[in-house]
Amino acid sequence: MLYDCAVAKCRSYSEEDVSRAFDDILPPVGGLDWVKKGMRIVIKPNLVSAMRPDAAATTHPALLKELCRRLTERGATVLIGDSPGGFFTVAAMNAVYSATGLNELERDGVALNRNVDYHTVDIDGQVMKKLTYTNYLDEADAIIDFAKLKSHGMVGMSGAVKNLFGVIPGLMKPETHYVYPDVSDFCNMLIDINEHFKPRLTLIDAVVGMEGNGPTAGTPRRIGALIAARTTYHADAVGARLIGMAPEGVPTIVEAAKRSLSPMNVEDIKLCGSLEGLIVGDFKTVPRKSIRFLQGTKFRFVQKVIADCLTHKPRPVNKLCMGCGKCERLCPAHAIEMRHGHPHIDRKKCIRCFCCQEFCPKAAMIVSRPLVMRALQRTK
Ligand code: SF4
Ligand code: SF4
């Protein structure tokens, strides 16, 4: 029987645990029989930044190594590539490959992408009509999305759907945020990208995820699971459940369900493997509350004030900030101005894309939860 998604326990990144988990999750979603000799496969992991594997921001090299072994065994050639935040240059990519432990894979015969060209195509997305993406993806006969499970300031959770935002070259990502400031539009843009590339297989590294100030400055948290799915949407629905997130709290899941790409609830997904014992109910995420109940409010001012009270925002922590100004340079809305060596955010301009938080090298920009929300959570 073919399943939409499979989940298995994977307690560590040891060769034994990883191999067993792959044996458990691949056959239920169709295995790797589709991989033929001479096929070119591009793996798109999450390589958001030049961070060590134990920081839990990037897809772990032990998992990529095992996947590459299985693909090359079948005669495929494998290329691993991503476009992290910041500059998309060969030097930047080399730094990322070195920090994330992928250089070792290169020694085993896997190719790491160093083609930093990109181009623009017309696509017929729901919200996106032109997509600029990195050229190496065009070398693929099939793409495998290999994401990392993390909390995320803007979209609640970084999983498989969000991982494909990395097809957009480095510094164009903040610009793209600016084009889609509304969270629903942004998520539909992500879904348009997912629909354009349609990964042949989706995997999520949920062995050790990142909680709290994710997707780069949070805290590693052991989850102990590996996910495989036939679509990115099914993988994310299961990933959200693993970290105790309600589907309504993950806008990519909500928008995918509206487009009939996946059900909202895990119970409606054909899932192989049990979630029992794998769910980390106290995983720290950024809670997102729907403010739809305000939509009928007559007084727009009241509506705005209440919405503002319920919305999380980026906040600089000056004692951690080294005054590098990277957040000011990256901010697509030009909402940040350096004053006396520290960033000052113009709340009226801020579109809450959280690029400043994601790419601060000192974890000095945090997702600030409003007092009201903190009180509500405590009450809960
Ligand atoms: S990127 Fe981080 S460390 Fe640099 S100025 Fe902004 S908040 Fe400070
Ligand atoms: S201040 Fe931060 S969250 Fe706001 S628009 Fe700029 S980069 Fe995005």
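Colleague: By class, how many nonpolar, polar and charged residues does the shell around ligand 2 have?

Modeller: In this predicted model, 13 residues surround ligand 2, and the closest are Cys-331, Ala-333, Cys-350, Cys-353 and Cys-356. Cys and Ala both count as nonpolar in this classification, and by class the whole shell around ligand 2 has one charged residue, no polar residues and 12 nonpolar residues.

Colleague: Which residues are the closest to ligand 1?

Modeller: The shell around ligand 1 divides into nine nonpolar, two polar and two charged residues. Of the 13 residues that surround ligand 1, the closest are Cys-321, Cys-324, Lys-326, Cys-327 and Cys-360.

Colleague: How far apart do the C-alpha centres of domain 1 and domain 2 lie?

Modeller: The domain assignment of the protein chain gives domain 1 as residues 5–272 and domain 2 as residues 292–379. The contact takes 13 residues from domain 1 and 15 residues from domain 2, and the side of domain 1 that touches domain 2 has six nonpolar, six polar and one charged residues. The C-alpha centres of domain 1 and domain 2 lie apart by 26 Å.

Colleague: Are H8 and H9 parallel, perpendicular or oblique to each other?

Modeller: Two packed helices are described by the angle between their axes and the distance between the axes. Helix H8, residues 232–242, packs with helix H9, residues 251–258, at an angle of about 135°, and their axes are 10 Å apart. Angles over 145 degrees would count as roughly antiparallel and those from 65 to 115 as roughly perpendicular, so H8 and H9 are oblique.

Colleague: Is the peptide bond from Gly-214 to Pro-215 cis or trans?

Modeller: Most peptide bonds are trans. Pro-215 lies in the loop between strand S9 (201–211) and strand S10 (219–229), and the peptide bond that leads from Gly-214 to Pro-215 has an omega near 15° and is cis.

Colleague: What is the phi of Ser-260?

Modeller: Most residues other than glycine have a negative phi. Ser-260 has its place in the loop between H9 and strand S11 (271–272), and, although not a glycine, Ser-260 has a positive phi of about 55°.

Terms used:
Residues are numbered from 1 along each chain as its sequence is written. Chains are lettered from A and ligands numbered from 1 in the order in which they are written. This is a predicted model: local features need pLDDT of at least 70, side-chain atom pairs count only at pLDDT 80 or more; totals for chains, interfaces and linings use all residues. A residue is near a molecule or strand if its C-beta atom, placed from the backbone, lies within 6 Å of it. Domain bounds come from an automatic or database domain assignment. Two residues are in contact if their C-beta atoms, placed from the backbone, lie within 7 Å. Axes are lines fitted to C-alpha atoms, for helices over the stretch in contact, and angles run from 0 to 180 degrees between N-to-C directions. Helices (H or I, at least four residues) and strands (E, at least two) are DSSP runs, numbered from the N terminus. Angles under 35 degrees count as roughly parallel, over 145 as roughly antiparallel, 65 to 115 as roughly perpendicular and the rest as oblique.
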